[in-house]
Amino acid sequence: MFENNTLNNNNKKILIIGLGQIGYSNAEYMSSIGLDVDGFDISEKAIQRALDNKVIHNKASNFRNYDYYVICISTHRPEDMFVPYLDGLYDIARKISHEGKTDALVGIDSTITRGTSEEIKKILGHRLHVVHVPHRFYIHEQKDHGVRQTRVLGGCEPCCVKEARYFYGEMLQIPLHIVSSAEIAELTKVVENSYRFMEIAFAEELKMVCDNTSVDFNELRNAINTKWNVKIFEAQKGIGGHCLPKDSQMFLEFSKNVLVTSLIGAAKMVDKQYRFHLAKRASQEMPLTR
Ligand SMILES: NC(=O)c1ccc[n+]([C@@H]2O[C@H](COP(=O)([O-])OP(=O)(O)OC[C@H]3O[C@@H](n4cnc5c(N)ncnc54)[C@H](O)[C@@H]3O)[C@@H](O)[C@H]2O)c1
């Protein structure tokens with residue numbers, strides 16, 4: 001499926017922490033190019049799936065003796081996927097701090113808030129290198145938007161970037177857009193998903209207006225989208241998944257003391273109103289426009 005890794009990295013050991021959608025896909029890709037990949041997850045089921053499908057060699061019993069730690073754990077509250085939650089990530093960092101190999105690289109692929117990478121560097125005492133390389137994975141288009149698409153990379157120190165450029169760029173052959181700090185990489189992911197949230201919320205707003213004024217949303221949308229620089233999204237069932245709602249919340253926390261009015265804040269209210277609109281129409285069996 002993937003080209004073989006031509007560099008001699010047989011003695012390098014990789015630990016993927018978090019074997020969900022992102023971690024599993026990372027492990028699958030890295031194993032397919034001949035790298036030595038172990039895995040760790042708090043879910044036995046996630047570990048078993050990775051072992052059964054041979055995308056990892058072993059379940060890690062500890063964090064000792066790895067050259068690369070790739071963190072892919074979820075960063076939302078377990079009971080509420082709309083709320084950011086970084087405690088699990090800090091626990092992982094403390095474990096790496098006790099057991100991790102000096103000079104190894106910690107790559108954070110999970111989506112995180114501004115300043116998280118620096119906090120992790122502090123926990124590690126910069127004994128290991130720290131970079132943030134947010135993922136842009138899209139499960140339905142893995143060929144173009146999987147592990148090996150252009151990724152933004154920002155490190156805590158120049159030495160961290162150097163190590164990461166080798167691992168992500170040369171060993172994994174991922175096209176990189178390197179930025180001047182981990183903070184810019186953190187914000188890149190949060191802002192790109194907030195922007196997308198806003199675009200979808202606009203479609204939801206337009207759909208509500210159309211439904212309440214007997215205008216055919218789809219016909220209007222198709223007509224508007226014939227213009228070269230406009231793309232109105234589909235309005236579906238509300239903005240779900242564990243990325244856009246949580247990441248736009250991260251944006252609101254980042255911007256909260258700066259703005260009086262926020263487009264993202266308004267977009268979140270529109271999305272809530274849209275879900276209510278759908279539920280109300282369904283309960284009253286009122287037709288939606290197409
Ligand atoms: N799925 C995507 O399309 C996508 C795209 C871009 C970014 N992201 C980001 O990547 C991160 C992971 O997303 P995902 O879709 O793989 O999530 P997921 O829910 O599919 O998998 C997360 C895995 O992490 C494990 N985990 C949680 N806390 C842990 C801990 N403390 N220690 C060890 N394992 C732990 C869970 O058991 C689970 O297997 C999130 O921050 C998400 O926002 C996801």
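Predicted model: local features only at pLDDT ≥ 70, side-chain atom pairs only at ≥ 80, totals over all residues.
Student: How are the strands of a sheet held to one another, and what is the order of the strands in the open sheet here?

Tutor: Strands of a sheet pair through backbone hydrogen bonds, and the pairing is either parallel or antiparallel. In this model seven strands form an open sheet in the order 2-1-3-6-7-8-9, and the pairing is mixed.

Student: Which strands stand at the edges?

Tutor: Strand 2 (36-40) and strand 9 (176-178) do, and because each has a single partner strand, one side of each is left without a neighbour in the sheet. From one strand to the next, the twist averages 25 degrees.

Student: In which sense do strand 8 and strand 9 pair, and over how many bridges?

Tutor: Strand 8, residues 151-155, pairs with strand 9 in the parallel sense, over three bridges; Val152, for example, has His177 of strand 9 as its bridge partner.

Student: Turning to helix 3, which of its residues are buried?

Tutor: Helix 3 comprises the 13 residues 87-99 and reaches 19 Å from its first C-alpha to its last, close to the 18 Å expected at 1.5 Å a residue. Its buried residues are Leu89, Ile92, Ala93 and Ile96, and they lie on the same side of the helix because they cover an arc of only 100 degrees around the axis.

Student: What is exposed on the other side of helix 3, and what do the buried residues pack against?

Tutor: Asp87 and His98 are exposed on that other side, whereas the buried residues of helix 3 pack against strand 1 (13-17), strand 3 (68-71), strand 6 (105-108) and helix 4 (116-124).

Terms used:
Residues numbered from 1 in each chain as written. Helix = DSSP H or I, 4+ residues; strand = E, 2+ residues; numbered from the N terminus. Expected span 1.5 Å × (residues − 1). Buried ≥ 20, exposed ≤ 12 C-beta atoms within 10 Å, placed from the backbone. Arc of directions from axis to C-beta. Contact = placed C-beta atoms within 7 Å. Pairing = 2+ DSSP bridges. Axes fitted to C-alpha atoms, helices over the stretch in contact; angles between N-to-C directions.
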